[in-house]
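This report looks at how two chains meet and at a few residues that illustrate the contact. The structure comes first, and the description follows.

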Protein chains: 2
Amino acid sequence: MKKRNHEYVHGYSTREEERLVDQATTLTELLHSDTKYPAGCSVLEAGCGVGAQTVTLLKNSPEAHFTSIDLSQESLDAAKAKVQTAGYKNVSFQLADIFDLPFPDESYDHVFVCFILEHLKRPADALIHLKSKLKKGGTITVIEGDHGSTYFHPDSREARQTVQCLIDVQAKMGGDSLIGRQLFPLLTGVGFVNVSVSPRMVYVDSSKPEFVEGFTKNTFIAMVEGVREQAIGSGLITEEAWQRGIEDLYRTTGPHGTFCYTFFKAIAYT
Amino acid sequence: MKKRNHEYVHGYSTREEERLVDQATTLTELLHSDTKYPAGCSVLEAGCGVGAQTVTLLKNSPEAHFTSIDLSQESLDAAKAKVQTAGYKNVSFQLADIFDLPFPDESYDHVFVCFILEHLKRPADALIHLKSKLKKGGTITVIEGDHGSTYFHPDSREARQTVQCLIDVQAKMGGDSLIGRQLFPLLTGVGFVNVSVSPRMVYVDSSKPEFVEGFTKNTFIAMVEGVREQAIGSGLITEEAWQRGIEDLYRTTGPHGTFCYTFFKAIAYT
């Protein structure tokens, strides 16, 4: 459930599915290792997509019961297949919309949302819908990136322009990719309490080749390259500047380059 | 020893000294808690300034012997007074220049440098000088900020402009305040090995009032405000945009604001 109307900024291609899996593998420890739900509790995963995070959730909380929903039947089928291959059984999948949830109020102990709010026109409304399904004292866990947290060495005006294109294209589609820094006001604003936000910064240099490949190249640059047509087509950037910018992004993956990006993880209570 | 020619971007005022102490107090745990030198070893603190970090070093490594140098006798006197008040004795102070160190080669076990390289025209040369004083197998610890790592909510063009003024003024004085992200290539480039860089991100929201006051207001915004005259005087920004930018920076310290900045800490071996 990346976007209500199926216009998902990153598309639904096979490369995109590989990107999501690369992203999930490299970042699993950083983003998910501290999410463990107790035995017997019920967790709603809102927007499971192709199941990139679902398998990690099921593995880390083998005795919790998950309901994973998404807007796309194709994504749900991919998620189901992934979970089946991994051998987990503590989840049921359901085609459903965050803004029209087919569950009774106060029916879940916990809600988990990852990389969803950034794609929504009304993220605060989505949180209100999700909050209504939480029991009193229940928690919501939200993980989002923030594309404006990106910087690198060597610095480059054109490379920064390509990142700005990603931000602008996502904004044109109604999303907000600067959402990570806004989790605290978003969650407090809709009435969650004890909101605690922790940044999860990814710092990459050539001493960490698995992050150079798995994050900088196969997650971040792949994501930027995914909006090439829209960025050039809508006149946000010239083809020459784009080409130069992408080359400069790849330069940050060399022996003397560094790359920084920050995810934000929030936990809040009803 | 903030700058060779005593043209220190942040000035030498009393407010600046208070800013440095606020900064050191709020960030001590984040930046310094993992720096502990063993009994009997010798440590060169290059550029101790008014001793903001010196007291923490002495406290965390009470049985190591420190030599703390600086280019400014006035700063050294302030550092001495601070150490005396705190009751530490394991340090000797010396007026000295990083580029003309009055010590035999290979005479120190460790070197510690904090918030210095960003002010130097030739940071790599400074590292070469410091490296020559390290025994074989010795370590250097470098801590620097990166003003380009700054972002906040609510976002504001004018606020970003004021931060860019700080970066530009520092660059005009020969420094480079985007140095944090460059520690890995700088250290590997002059022959240090096993270089390990860890980012230390400061994330501030209204649930952390001590960071709102101690970091966002009294450290970061105070630092930006310190270059007001230079920024407006040299035409980098209009007075109106400056005023608006500073107001917008203060807005990030409100109940719905957030603020992000990242320091980088590197440890490397000869």
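In this predicted model, Arg181(A) has contacts in both chains: apart from neighbours within four places in sequence, Arg181(A) is in contact with Asp146(A), Gly148(A), Ser149(A) and Phe264(A), and with Tyr151(B), Phe152(B), His153(B), Asp155(B) and Thr258(B). The residue sits in the loop that lies between helix 5 (157–172) and helix 6 of chain A. Is Arg181(A) buried or exposed? Its relative accessibility is 4%, so Arg181(A) counts as buried, the cut-off being under 20%.

The interface as a whole joins 27 residues of chain A to 27 residues of chain B. Between them the two chains bury about 2100 Å², and 66% of this is on carbon and sulfur atoms. Of the area that chain A buries against chain B, 31% is supplied by Tyr151(A), Arg181(A) and Phe184(A), more than by any other three residues. How many salt bridges are there between chain A and chain B? The count is zero. Polar contacts, in contrast, are found for four residue pairs across the interface, both residues being at pLDDT 80 or more.

On the side of chain A that touches chain B, four elements are listed as giving two or more residues: strand 6 (151–153), helix 6 (183–189), strand 7 (193–205) and strand 8 (258–269). Strand 7 of chain A gives the largest share, six residues. The classes of residue on this side are tabulated below.

| Class, side of chain A that touches chain B | Count |
|---|---|
| Nonpolar | 13 residues |
| Polar | nine residues |

Strand 7 of chain B (residues 193–205) contains Pro199(B). At 24% relative accessibility, Pro199(B) counts as partly exposed. Beyond its neighbours within four places in sequence, Pro199(B) is in contact with Met201(A) and Tyr203(A), and with Thr262(B), Phe263(B) and Phe264(B). Pro199(B) and Phe263(B) are 64 residues apart along the chain, yet their C-alpha atoms are separated by 5.8 Å.

In soluble globular proteins, nonpolar side chains tend to be buried together. The largest nonpolar core here has 72 residues, and Ile140(A) and Ile140(B) touch the most other members. Setting aside neighbours within four places in sequence, the contacts of Ile140(A) include Val111(A), Val113(A), Leu127(A), Leu130(A), Leu134(A), Leu187(A) and Phe192(A). Ala266(A), Ile267(A) and Ala268(A) are also in contact with Ile140(A).

How values were computed
Residues numbered from 1 in each chain as written. Chains lettered and ligands numbered in written order. Predicted model: local features only at pLDDT ≥ 70, side-chain atom pairs only at ≥ 80, totals over all residues. Heavy atoms only, no water. Contact = heavy atoms within 4.5 Å. Buried area = accessible area lost by both parts, 1.4 Å probe. Salt bridge = Lys/Arg side-chain N within 4 Å of Asp/Glu carboxyl O. Polar contact = N/O pair within 3.5 Å; in protein donor to acceptor, adjacent residues only side chain to side chain. Nonpolar A, V, L, I, M, F, W, Y, C, P; charged D, E, K, R; others polar. Core = buried A, V, L, I, M, F, W, Y, C linked by side-chain atoms within 4.5 Å. Buried < 20%, exposed > 50% of the residue type's maximum accessible area, 1.4 Å probe, protein only.
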